[in-house]
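My notes are below the view.

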Amino acid sequence: MLSSSLVTHVFVAPHPDDVALSCGGLIHSLRELGQNVAIVTVFSGGPESTMTEYQRTALGFGSKALWPNTEAFRRDNVPADIDERHLVPAWAATPERLEMTQAVASAAARSFWQRASWYRNANIYNAASEARPVADAVPQQGSLEPLDLSGSDATAIRRIEDERYAYHAEASVVWLDLPDAIFRGYSSDEELLGSSRDDDPAPCEALRREILRLEPQTIYLPLAVGNHVDHRHCREAGLALLDEERRWIMPSPDMVGRIVFYEDFPYAWWDGFDGPAALPEGALRLPPGIRLQARYADITDTIERKLAGIRIYGSQVPRLFGDEAGLRRDATGYAARIAAVGGIDGYAERYWGTVRG
Ligand SMILES: [Zn+2]
C-alpha cells in the first residue's frame with residue numbers, strides 16, 4: 001500500500017466538467033500549495049454501463065486513477081553498446097537476464113499501479129513489441145495535443161475532456177462510470193429535475209467506498225443547485241456520510257468539518273442562488289446538530305486558470321454559455337458577485353462547510 005503524508009482533497013463531480021465549473025479556482029490554489037487533488041467523476045458512463053458491481057471492481061473501473069506524467073526520455077534510438085558477434089562479458093545482459101529484469105520491472109509496475117485498471121508496462125528493451133510498446137511511442141494520458149474527436153461518441157468525448165482537465169489541473173481523476181441519468185430512465189428535463197425514480201437510488205455505498213479509499217482531508221460535494229438528479233444523488237451520498245457517524249458502532253472517521261458542499265455553477269448563477277435556504281424544502285436533510293457555514297475562497301489570482309480549465313470541456317461550453325465570451329461573462333460575473341458578498345476585492349468561490357452547533 002502506498003502511503004503519503006500529503007493532504008488530499010477529494011472533489012466529487014456528478015459529471016465531467018462540474019468540478020472545473022464550480023471549484024476550478026480553489027483547485028488551482030490547492031495545487032499551488034502543493035496539496036493533492038483527486039476528482040471523482042460519478043456519472044461518466046454511457047448506456048453500455050450495465051456491469052455489476054463485481055464486474056466493475058474486477059475490471060478496475062471505479063479505481064482508475066490518472067496521474068500527471070511528464071516522461072520524455074527516448075530510448076528507441078540508443079544503440080546497443082555490445083557487439084553480439086564477440087564474446088559476451090560476464091556483466092552483459094543475456095536474453096535470460098533481460099527477461100528476468102523485465103519480469104521484475106513488470107511486477108513493480110503492477111504493484112505501483114495497483115489502483116488502476118491499466119499500468120505502464122515498463123519496457124526494459126529499446127524495441128517495442130505488441131505487448132510492451134516503448135513508453136515514448138504511447139500517446140500520453142491527458143495530453144494537451146489537439147485531438148480529432150469527430151468519430152467518438154459523446155460519453156467518450158466527455159471522458160477525454162475530463163482526462164485533459166486532470167492533466168491541466170495536475171489532479172488525479174477517478175471514474176465511477178455509473179450511467180448518466182439520461183441512460184437510467186430519465187427522458188426529459190422535467191424528469192431530470194423532478195423527483196428521483198424508485199428504481200434509481202443514490203450510489204451512496206459506491207461513493208463512500210471510493211471517497212474513503214482516497215483518505216481525504218476534505219471532501220467537496222455538490223449542493224445540487226438546479227436540482228439535476230445526478231447532482232442530488234451526489235449530495236445524498238455526502239449527507240449519508242455525515243449521518244453514518246450516528247449509526248456506526250465502531251469509531252468512524254469524523255466527517256463533520258471534512259465534508260464541504262459547493263455551489264453548482266452555472267446553475268447557481270442562473271438561479272441567483274444566495275445560500276442553502278434557497279434549496280427546495282427538505283432537499284438538505286442535515287443530521288441533527290450539524291449546520292452549514294459559508295466559506296469564501298479568494299480566486300482572484302486563479303480565475304484565468306479556472307477559465308482555461310473550463311474551456312477544456314469544449315463540448316459543453318456552447319450548450320452552457322453560447323460561446324467563450326459568454327463563459328467569461330458568466331464565470332467572472334458570478335465570481336465577482338460571490339466575492340462582493342464575502343468582502344473580497346476580486347473573484348471568489350463560495351463553499352458551505354459542515355460544523356457542529
Ligand atoms: Zn452536472
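These entries cover the basis of the model, the sheet, a helix and the core.

Entry 1, basis. I am working from a predicted model, in which local features need pLDDT of at least 70 and side-chain atom pairs count only at pLDDT 80 or more, while totals for chains, interfaces and linings use all residues. Residues are numbered from 1 along each chain as its sequence is written.

Entry 2, sheet. I took helices (H or I, at least four residues) and strands (E, at least two) as DSSP runs, numbered from the N terminus. Two strands pair if DSSP finds at least two bridges between them. I found 7 strands in an open sheet with mixed pairing, in the order S3-S2-S1-S4-S5-S7-S6. Strand S3 (172-175) and strand S6 (290-298) are the edges, each pairing on one side only. Neighbouring strands are turned by 25° against each other on average, direction ignored; axes here are lines fitted to C-alpha atoms, for helices over the stretch in contact, and angles run from 0 to 180 degrees between N-to-C directions.

I looked at S6 and S7 (residues 348-356), which run antiparallel and are joined by 9 bridges. Asp-298 stands opposite Ala-348 in S7.

I checked its length: at 1.5 Å a residue, the 15 residues of H1 should span 21 Å, and the end C-alpha atoms are 21 Å apart, which agrees (expected span is 1.5 Å times one less than the number of residues). Of the 15 residues of H1, 12 are buried, including Cys-23 and Ile-27. Gly-34, with a positive phi near 80°, follows H1.

I counted a nonpolar core as buried Ala, Val, Leu, Ile, Met, Phe, Trp, Tyr and Cys residues joined through C-beta atoms within 7 Å. The largest has 67 residues, and Phe-11, Ile-39 and Tyr-220 are among those with the most contacts inside it. H1 (residues 18-32) gives the largest share, 7 residues. Leaving out residues up to four places away in sequence, Phe-11 touches Val-19, Cys-23, Ile-27, Val-37, Ile-39 and Tyr-220 (contact: backbone-placed C-beta atoms within 7 Å).

Conventions
Buried ≥ 20, exposed ≤ 12 C-beta atoms within 10 Å, placed from the backbone. Contact = placed C-beta atoms within 7 Å.
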